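Please look at the sequence and the three-dimensional structure below before reading on.

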Amino acid sequence: MPQKPLESDYEKAREQMVAQQIARRGISHPGVLEAMRRVPRHRFVPAESLPYAYTDGPLPIGAAQTISQPYIVAEMTELLELKPTDRVLEIGVGSGYQTAILAELSREVIGIERIAGLANHAANLLHELGYQNVDIHVADGTKGYAEKAPYNAILVAAASPSIPEPLMAQLAENGRMIIPIGDDDGQVLELVIRKGESLHIYQLTPVRFVPLIWEYGYLQG
Ligand code: SAH
C-alpha cells in the first residue's frame, strides 16, 4: 500500500516547485520565493488533487473554479512589489492560496470571494494555518471594498472585460493593481500604477483565468 506522504516530502516538492517552475522562469524577488517555499500549497487543494499539489498548472477547487498555477501566483505577487506595511485587496480568494502568499509579504490582506462555500473554507484554513492578518468577505469584488480603502496593492484573480471603476478609485497613491483583462478567447495581465490623478497601464503577459462575475465584470445571464 502506498505510504501517506510526510510533511518533509511536501517540503521537498515545494523546493522543487520553486527551483524549477518559478526561479528558473525568472522570478527573483527573495521574499516571493521564500513565501512560495513556506506556504503549504497541498493544504489548499482538494484531497483528490493532493498528488498534483506541486505540479506546474492550475487545479480544480470545486464550484467550477481553480487554484492558479504556482508560477502565475508568483509572477502576479512579484509585480505588486509588496512592502511589509502594505494593505492589500485581493479579488477572487478561491482556495485562499494566493491570499496566504500575499499575507506573508504585507501588513493586511482583505480578500473578497463571491462564492460563500469557497470563502468560508479559505477563511477557516488560513486561520488554522495561523494567518492573523487576513480578512475574508463574501461579496462582489468588482465593487472593491470601500470600507478599508485605499489599498497599496490590488490583485484580481479572475478575468474582467475592463478595469472595474471602483478598483481604480480604491488604489492608493503609487499603488499597484494587477488584473487579467479579456475573455475566454484571450486575456492579458495588466499592471496599473496610480500616480496622482493618472493611472499608468502596462500590458504584460497572456494568461487564462476564470471570468470575474457581476456588476462591473461579466454579468451572468
Ligand atoms: N487565487 C485563487 C483563484 C481562484 S479562481 C486561487 O488560486 O485559489 C477565481 C475566483 O474568483 C473564483 O473563486 C471565483 O468565484 C471568484 N470570483 C469571480 N468573480 C468574482 C467577483 N465578482 N467577486 C469576488 N470573487 C469573484
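Helix 1, residues 7-23, has 17 residues and spans 22 Å from its first C-alpha to its last, close to the 24 Å expected at 1.5 Å a residue, where the expected span is 1.5 Å times one less than the number of residues. Helices (H or I, at least four residues) and strands (E, at least two) are DSSP runs numbered from the N terminus. This is a predicted model, in which local features need pLDDT of at least 70 and side-chain atom pairs count only at pLDDT 80 or more, while totals for chains, interfaces and linings use all residues. Residues are numbered from 1 along each chain as its sequence is written, and side-chain values use heavy atoms, with hydrogens and water left out.

At M17, helix 1 bends by about 25 degrees, the bend being the angle between axes fitted to the seven residues ending at a residue and the seven starting there. M17 is also among the buried residues of helix 1, together with Y10, R14, V18, Q21 and I22; buried means under 20% relative accessible area, exposed over 50%, and partly exposed in between, with a 1.4 Å probe and protein chains only. The buried residues of helix 1 pack against helix 2 (30-38), helix 3 (70-80) and helix 4 (97-105), where contact means heavy atoms within 4.5 Å.

The sheet is open and has 7 strands in the order 5-4-3-6-7-8-9, with mixed pairing; two strands pair if DSSP finds at least two bridges between them. Strand 5 (134-138) and strand 9 (198-207) stand at the edges with a single partner strand each, so one side of each has no neighbour in the sheet. From one strand to the next, the twist averages 15 degrees, with axes being lines fitted to C-alpha atoms, for helices over the stretch in contact, and angles running from 0 to 180 degrees between N-to-C directions.

Strand 7 is mostly covered, with 10 of its 13 residues buried. Strand 6 runs parallel to strand 7 and is joined to it by 4 bridges, and the bridge partner of Y151 in strand 7 is L171. Strand 8 (residues 186-195) runs antiparallel to strand 7 (residues 171-183), and 8 bridges join the two; in strand 8, I193 is the bridge partner of R176 and V188 that of I181. A hairpin of 2 residues connects strand 7 to strand 8.

Helix 3 lies across strand 6 (151-156), strand 7, strand 8 and strand 9, and runs at about 150 degrees to strand 7. Helix 4 lies across strand 3 (87-91), strand 4 (108-113), strand 5 and strand 6, running at about 170 degrees to strand 3.
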